[in-house]
Amino acid sequence: MPTQDSRQPQRSPDDPSPRHEVTEALVALRGGATGALDHLVPLVYGELQRIAHRQLAAERPGHTLDTTGLVHETYLKLVDQARAQWTDRAQFFAVAARSMRRILVDYARRHRALRRGGAQRQQISLGDGAVGRVAAAERADELIALDEALERLAAVDERLTQVIELRFFAGLTEAETAELLGVTARTVTRDWAKARGWLFQQLREGRADDT
């Protein structure tokens with residue numbers, strides 16, 4: 001992944017790049033301009049770090065991925081979509097947030113598979129670190145349950161799923177979400193409340209079924 005050097009502007013995670021710069025870079029990327037992706041990365045790197053930090057904040061301590069690692073894996077996924085029909089900054093970060101979620105879910109599934117594969121050994125391993133392993137297992141299960149609930153929600157109402165992804169995972173504002181989805185901010189507010197209520201009910205029923 002390209003790194004920022006002394007010739008490139010340094011941007012902090014709290015200093016979003018101007019919208020028009022990102023949009024112009026995305027248009028160039030969509031058109032296949034040489035070096036367009038390398039030009040885009042320093043413009044968005046700080047915000048990608050912010051999104052990655054937001055998503056990792058709820059993860060277990062000692063997660064295999066750190067913020068930089070998650071950004072780099074997301075970058076590789078975005079490279080695969082280099083000729084996607086990018087339109088603007090909000091859409092780009094929505095896709096990035098979705099990619100990060102998929103990466104974390106994949107890690108959680110592998111963690112759960114390893115846990116099940118070593119179930120008998122874990123049952124008798126109750127020494128130092130046992131509490132941390134239990135917490136990690138619970139978080140992996142929660143993340144997978146949330147992902148599965150979002151997939152069910154998408155089958156019922158795709159827009160509600162998009163609102164959750166944009167507001168919660170990408171951290172976009174109501175105005176940015178409304179602009180990207182082509183609806184009013186009031187609609188986003190209503191959808192946000194409806195989607196959270198639906199997910200809460202789904203996750204609560206899932207926990208009840210496990211007891």
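A cavity here is a set of points, on a 1 Å grid over the protein atoms alone, where a 1.4 Å probe fits but cannot get out. Grid points are joined across faces, edges and corners, and a volume is the space filled by probe spheres set on the points. By this rule, the structure has one cavity of 30 Å³ or more. This is a predicted model, where local features need pLDDT of at least 70, side-chain atom pairs count only at pLDDT 80 or more, and totals for chains, interfaces and linings use all residues. Residues are numbered from 1 along each chain as its sequence is written, and side-chain values use heavy atoms, with hydrogens and water left out.

**The cavity**

- The largest cavity holds about 50 Å³ of space.
- Its lining residues (those with an atom within 4 Å of a point) are L37, L40, V41, V44, L48, Y75, L78 and F92.
- Helices are DSSP runs of H or I, at least four residues, numbered from the N terminus; α2 (36–56) and α3 (67–80) each give at least two residues to this lining.
- Helix α2 has the largest share, with five residues.
- The lining is made up of eight nonpolar residues, with no polar and no charged ones; Ala, Val, Leu, Ile, Met, Phe, Trp, Tyr, Cys and Pro count as nonpolar, Asp, Glu, Lys and Arg as charged, and the others, Gly among them, as polar.

**Salt bridges**

- Nine salt bridges are present, each a side-chain nitrogen of Lys or Arg within 4 Å of a carboxyl oxygen of Asp or Glu.
- Within helix α2, R50 and E47 sit three residues apart, about one turn of the helix, and their closest N and O atoms are 3.9 Å apart.
- An α-helix has 3.6 residues a turn, so residues three or four places apart point the same way.
- E47 is buried at 3% relative accessible area, while R50 is partly exposed at 26% (buried is under 20%, exposed over 50%, partly exposed in between, with a 1.4 Å probe and protein chains only).
- R98 and E165 pair at 2.5 Å, N to O; R98 lies in helix α4 (residues 89–117) and E165 in helix α7 (residues 158–169), so this pair ties together parts 67 residues apart in sequence.
- D147 and R102 also meet at 2.5 Å, N to O; D147 belongs to helix α6 (residues 130–156) and R102 to helix α4, so they tie together parts 45 residues apart in sequence.
- Shared partners join R98, R101, R102, R109, D147, E148, E151 and E165 into one network.

**Around helix α8**

- In helix α8 (residues 174–181), the buried residues are E176, T177 and A178.
- Just after α8, G182 has a positive phi of about 75°.

Definitions and conventions. 1 Å grid on protein atoms, 1.4 Å probe; cavity = no way out; pocket = protein on both sides within 12 Å on 5 of 7 lines; lining within 4 Å.
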